[in-house]
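Please open the model in a viewer and keep the selection tool at hand.

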Amino acid sequence: TLAGAIAGKNFGGDLDAPTRTKMVPRQIPEGPWYRAPAVHLAIAGFLPFSAIYVELYYVFITIWGHTMFTPYGILYLVIIILLIVTACITVALTYLQLSTEDHQWWWLSLGSGGSTAFFVFLYCFYFLAADSYMSGFMQLSHYFGYMILLCYALFLMLGSVGFFASYTFVKEIYKTIRLD
């Protein structure tokens, strides 16, 4: 963390905004209930989760069921599909947010990308109830401890993918705006 902070301070540049910005932010109009951030995050998390649902069983059974999963090529393909679907969904939802004049897309794009981790965490409970034979305090604390760490890492990874995809998209669409 310290090395990253030093590198960011010394080598990072200023934000290169494609257009001029005003000092006073615009007021964001109220939207309908389906434009709320909670609905936004639920949609953004469920769609990528549905792309990895089947393979997630094999990953969990390999980690917690002590069986080997041999077709790693399929797993890599699913990870690539997950990254692409996360980027596309986050960009589409950022566009919908910007089209309603809501300019505060930064944190919502991070949460949109990472919200798949919440669905993976819910799948942990399903896997524990339906397919695992774990019991006892030590096994469950080990299971949930590692699954919380795994879901947090997944949130950071997919949130970063969603944020950088949205950031690139926003920079590209605002480059085309001409201010005369």
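The stops below cover nonpolar cores, a helix contact and a cysteine pair. The model is a predicted one.

Begin by selecting Phe-49, Phe-60, Trp-64, Val-120, Phe-127 and Tyr-143, the residues with the most contacts inside the largest nonpolar core, which has 21 residues. Next, colour helices H2 (37–64), H3 (72–99), H5 (116–130) and H6 (137–175), each of which supplies at least two residues of this core. The largest share, 7 residues, comes from H5.

Centre the view on Phe-49. Apart from neighbours within four places in sequence, Phe-49 is in contact with Leu-56, Thr-116, Phe-119, Val-120 and Tyr-123. Then select Leu-98, Trp-105, Phe-163 and Tyr-167, which are among the 5 residues of a second, separate core.

Now display H3 together with helix H4 (residues 106–114). Their axes come within 9 Å and cross at roughly 145°, and the crossing is right-handed. To see the contact itself, select Thr-86, Thr-90, Thr-94 and Gln-97 on H3, with Leu-108, Ser-109, Ser-112 and Gly-113 on H4. The residues of this contact comprise 1 nonpolar, 7 polar and no charged.

The structure as a whole holds 0 disulfides. Cys-151 counts as buried because its relative accessibility is 7%, under the 20% cut-off.

Notes:
Residues numbered from 1 in each chain as written. Predicted model: local features only at pLDDT ≥ 70, side-chain atom pairs only at ≥ 80, totals over all residues. Heavy atoms only, no water. Core = buried A, V, L, I, M, F, W, Y, C linked by side-chain atoms within 4.5 Å. Buried < 20%, exposed > 50% of the residue type's maximum accessible area, 1.4 Å probe, protein only. Helix = DSSP H or I, 4+ residues; strand = E, 2+ residues; numbered from the N terminus. Contact = heavy atoms within 4.5 Å. Axes fitted to C-alpha atoms, helices over the stretch in contact; angles between N-to-C directions. Left-handed = near helix turned anticlockwise from the far one by under 90°. Nonpolar A, V, L, I, M, F, W, Y, C, P; charged D, E, K, R; others polar. Disulfide = S-S within 2.5 Å.
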